[in-house]
Amino acid sequence: MSTTRAPDPARRNPQATAAILKAALDMAREIGLARVSIEGIAARAGVGKRTVYRWWPSKGAVVLDAWAQQLEEQLHRRLETVQTGDFEADLKLMVKDAWIDTIGDTRSVLASIVAESQHDPDLASEFRKRLIDPASALVAERIRRAQADGQVAADIDPYRAIELIYAQLYYRLLVVRGPNDEAYVEDVVELAIRGLRPPRQDAT
């Protein structure tokens with residue numbers, strides 16, 4: 001049974017929608033998604049519980065919608081404008097722009113959405129569709145250009161390269177909960193670059 005259908009923007013009241021999304025995101029940041037409820041969102045937004053359920057099927061869907069609307073346009077615009085010509089510099093900028101500048105202090109919301117997605121396949125699918133897949137496609141395209149320029153080994157799958165980088169960031173966010181700052185991002189990218197470079201040709 002589906003629990004996270006895509007909201008229908010055409011049926012929303014703009015004022016009520018804005019209040020609901022703000023309430024949901026504020027509560028997720030303050031107390032974590034696990035403690036958020038539809039009743040709490042409705043009370044904080046000053047609307048009826050049925051109004052929330054009319055447009056979103058779950059608390060995860062509301063929080064994801066609020067968080068994604070805040071991030072997706074800015075994230076995609078920033079990733080599209082990274083064009084220094086140097087692959088390592090571009091990759092550092094792309095990851096830093098996504099992880100530090102755009103997501104920034106909402107990483108606790110990201111962690112909550114990832115956790116909730118483990119029990120809600122529809123939420124996980126919507127998360128990938130709205131944020132992960134479009135952002136990954138832009139980074140993958142930059143990796144392909146680097147492959148064409150001989151800066152990255154030709155036999156590497158760009159999406160596996162992306163996993164190599166972001167797996168470390170998510171591991172630190174979700175498991176060990178260590179510093180996830182700009183210095184760490186640069187270290188992660190530099191480590192990944194070593195494995196992405198083409199094999200060195202020994203002089204004969």
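**Why these labels? A predicted helical chain**

Author: Arg142 is placed in helix α7. The model is a predicted one.

Reader: What makes Arg142 count as buried?

Author: The relative accessibility of Arg142 is 4%.

Reader: Why is Arg177 called exposed?

Author: Arg177 has a relative accessible area of 65%. The label exposed needs a value over 50%, so Arg177 qualifies at 65%. Arg177 lies in the loop between α8 and α9. Its phi is positive, about 55°, although Arg177 is not a glycine.

Reader: How do you know that Val188 is buried?

Author: Its relative accessible area is 1%. Val188 belongs to helix α9. Beyond its neighbours within four places in sequence, Val188 contacts Ile165, Gln168 and Leu169.

Reader: How many residues separate Val188 and Leu164 in sequence, and what is their C-alpha distance?

Author: The two are 24 residues apart in sequence, with 9.0 Å between their C-alpha atoms.

Reader: What makes Ala23 count as buried?

Author: Ala23 has 4% relative accessibility. Since buried means under 20%, Ala23 at 4% falls in that class. Ala23 is part of helix α1, residues 14-31. Apart from neighbours within four places in sequence, its contacts are Ile41, Arg44 and Ala45. Ala23 and Ala66 are 43 residues apart along the chain, and their C-alpha atoms are separated by 9.0 Å.

Reader: Which residues have the most contacts inside the largest nonpolar core, and how many residues does that core have?

Author: The core has 63 residues, and Val62, Trp67 and Trp99 have the most contacts inside it. Helix α4 supplies the largest share of this core, 9 residues. Domain 1 (9-58) and domain 2 (78-196) each contribute at least three residues to it.

Reader: What does Trp99 touch, not counting residues up to four places away in sequence?

Author: Trp99 touches Gly104, Arg107, Leu110, Tyr166, Leu169, Tyr170, Leu173, Asn180 and Val185.

Reader: How many nonpolar, polar and charged residues are in the lining of the largest pocket?

Author: By class, the lining has 20 nonpolar, 3 polar and 3 charged residues. The pocket holds about 640 Å³ of space. Its lining has 26 residues, and those closest to the centre are Phe127, Ile132, Ser136, Tyr166 and Tyr170.

Reader: Which helices supply at least two residues each to that lining, and which gives the most?

Author: Helices α4, α5, α6, α7 and α8 each supply at least two. The most comes from α7, with 9 residues.

Reader: What is the pattern of the chain, read along the sequence?

Author: The pattern is α-α-α-α-α-α-α-α-α. The chain has 9 helices and 0 strands.

Reader: What share of the chain counts as buried, and what share of contacts joins residues at least 24 apart?

Author: Of its 204 residues, 47% count as buried. Among contacts between residues at least 6 apart in sequence, 69% join residues at least 24 apart.

Technical notes
Residues numbered from 1 in each chain as written. Predicted model: local features only at pLDDT ≥ 70, side-chain atom pairs only at ≥ 80, totals over all residues. Heavy atoms only, no water. 1 Å grid on protein atoms, 1.4 Å probe; cavity = no way out; pocket = protein on both sides within 12 Å on 5 of 7 lines; lining within 4 Å. Points joined across faces, edges and corners; volume = space filled by probe spheres on them. Helix = DSSP H or I, 4+ residues; strand = E, 2+ residues; numbered from the N terminus. Nonpolar A, V, L, I, M, F, W, Y, C, P; charged D, E, K, R; others polar. Buried < 20%, exposed > 50% of the residue type's maximum accessible area, 1.4 Å probe, protein only. Core = buried A, V, L, I, M, F, W, Y, C linked by side-chain atoms within 4.5 Å. Domains from an automatic or database assignment. Contact = heavy atoms within 4.5 Å.
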